[in-house]
Amino acid sequence: MNYQTVVGLEIHAELTTKTKIFCACAPRFGQKPNTAVCPICLGYPGTLPILNRQTVLCSIKAGLALGCQIHLKSRFDRKNYFYPDLPKGYQITQFYEPIGTGGAVEIPEFHKTVNITRIHIEEDAGKLIHENGVTKVDYNRAGVPLIEIVTEPELSSGKEAAALAREIALLLKTAGVCTCKMAEGALRVDVNVSVMPENSQALGTRTEIKNLNSFQSVRRAVEYEAGRQIALLERGQPILQQTMHFDEQSGITSPMRMKENGDSYRYFPEPDLPELVISQKTLSKISAQMPKMPKELREKYKVMGLSADEAEIFLHDKALADYFHAVIKEYPNCRKAAVFILSEFRRRLRETGLTVKNQRCRAETLAKLLKLTDDGLILRAAAKEHLLTLMTDGGDAAQFVRNSQNGCDEQTILAAAKELIQKEPQALKQYQEGSKKVFGFFVGSLMRRFGKNTDPKMVSGVLKKVLDCKAEECRNGEQ
Ligand SMILES: [Zn+2]
């Protein structure tokens, strides 16, 4: 029998606020454990939460980026459960009335649009650290603001699931609300997986795989889990509704616990927080300030003549994209500028370990370098070398025009070629009579004069032009 895989995502994204959601603690990644904590995020009795305004603004932006309807009124609820990383014994989240519902995200490579069920605001729990048979708790993360994004189960493979997660991460990053650094836990993906016989309407029993921390793991986990479920069905065994763990090393999923349903958390409205009310004015203001989103940017890059792959590099690297845009303000050949930046400029960043921000070739300088190359004042090969100097030492592109007077630029070669031909009327005559050997003599003379730094192809090109031009002149003179 053929089976169909059905996947939905739940994504937790840490919002880029300075402080935690309900207190003034400001944790940084990698900070010493339990140094960004206070009585509020440690859940001491008698403390009260105060909602961080920035959290709400980021959540609105996230919702808009995902095409959700933002609700002007939403509410917080308590999700009750006991776990050592949750000192209050409950998590404050939005269960009954989330801030956003009903969005949609397009996955370009699959030409598919997936519906977003909802997004809601919640606080993160602390982190358990298992070391040498001992478990320690770090509460720095307790109370970090999150949005949870829940998609409809409309994906049908691990590849699609990974592509959707990647696209959502790009949207959040572009909106400026999450770093999406998965290795730091800033973006964590849960996948819901079920399988059903092809053409069936009834969804199978689903399992949830928690906390996947790379897009590759999303794909692998879905593929493995769908295979495991199909094998069970083939053997006539039931699929249990479970929460699973994915082991990166072995690529295998294993059960963590039986899946709780909503009832077991005894959700009820959070009594310590009022209703969350957003004014229409605030919402309109944020909508108007939203940056250009990937869909629009992809169109823009396409019009500029960039390939889809080239565009994706800029979409995922804002600093590089900003640099590119600054270059094309001064040098409007977008395609040429993009190719040079994506290949030569990026290669040197990799080689030197510099970043777009701390390298020293300003965008205007790069534009000038490209322009001088187009005008033939700097050799293409030399421009690539100069780029490295400009990036490490700074300076002006024009200095290389002067510095290359000893033989590298086209203008000098042109002048020298004219001079040489003038001096060798005999050789010119032989060339005009069709001698190929004498052309080699001309090239050799110039190469000897200017040294091996000079591009022989360019020398031949220039010589041919001058010689043919001379021949034309002679013919006209004879007539
Ligand atoms: Zn705190």
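Where is the place of F82? F82 sits in the loop between β4 (77–80) and β5 (90–93); helices (H or I, at least four residues) and strands (E, at least two) are DSSP runs, numbered from the N terminus. Before I continue, a word on the basis of this talk. This is a predicted model, in which local features need pLDDT of at least 70 and side-chain atom pairs count only at pLDDT 80 or more, while totals for chains, interfaces and linings use all residues. Residues are numbered from 1 along each chain as its sequence is written, and side-chain values use heavy atoms, with hydrogens and water left out.

To return to F82: this residue is exposed, with a relative accessible area of 70%. Here, buried means under 20% relative accessible area, exposed means over 50%, and partly exposed lies in between (1.4 Å probe, protein chains only). F82 and Y265 are 183 residues apart along the chain, and their C-alpha atoms are separated by 9.8 Å.

Let me turn to the overall division of the chain. There is a domain 1 (3–282), a domain 2 (292–406) and a domain 3 (410–478), with bounds that come from an automatic or database domain assignment. Between the C-alpha centres of domain 1 and domain 3 the distance is 71 Å.

I now come to the metal site. Which residues coordinate the zinc ion? They are C23, C25, C38 and C41, each through SG, at 2.3 to 2.4 Å. Donors are N, O and S atoms within 2.8 Å of the metal (3.2 Å for Na, K and Ca), and water is not among the atoms, so sites may look incomplete. Along the chain, the donors of the zinc ion follow the spacing C-x1-C-x12-C-x2-C. Within this set, C23 and C41 are 18 residues apart, each in the loop between β1 and α1, and the pair links distant parts of the chain. Both C23 and C41 are buried.

K20 belongs to the loop between β1 (3–14) and α1 (53–65). Although buried, K20 has no salt bridge, and the nearest side chain of opposite charge, D138, is 7.5 Å away. Lys and Arg count as positive and Asp and Glu as negative, while His and the chain ends are not counted. A salt bridge is a side-chain nitrogen of Lys or Arg within 4 Å of a carboxyl oxygen of Asp or Glu. Contact means heavy atoms within 4.5 Å.

How many salt bridges does the structure hold? The total is 29. One of them joins E167 to R298, with the closest N and O atoms 3.0 Å apart. Because E167 lies in helix α2 (residues 158–175) and R298 in helix α5 (residues 294–303), this pair ties together parts that are 131 residues apart in sequence. Both partners are buried: E167 has a relative accessible area of 7%, and R298 one of 17%.

A second salt bridge pairs R347 with E344 (3.2 Å, N to O). These two residues lie in helix α8 (residues 334–352), three residues apart, about one turn of the helix. R347 is partly exposed at 33% relative accessibility, whereas E344 is buried at 10%. E344 and R347 also belong to a network of salt bridges with R348, E351 and K384. In a further salt bridge, K429 meets E433 (3.6 Å, N to O); K429 is partly exposed at 47% and E433 is exposed at 59%.

F441 is a residue of helix α14 (residues 437–450) and is partly exposed at 34% relative accessibility. Not counting residues up to four places away in sequence, F441 touches E424 and A427. F441 and A427 are 14 residues apart in sequence and 8.6 Å apart from C-alpha to C-alpha.

I close with the backbone. Most residues other than glycine have a negative phi. N211, which is not a glycine, has a positive phi of about 55°; this residue is in strand β12 (residues 207–212) and is partly exposed at 48%. R266 likewise has a positive phi, near 45°. R266 is found in the loop between β14 (252–258) and β15 (268–269) and is exposed, with a relative accessible area of 57%.
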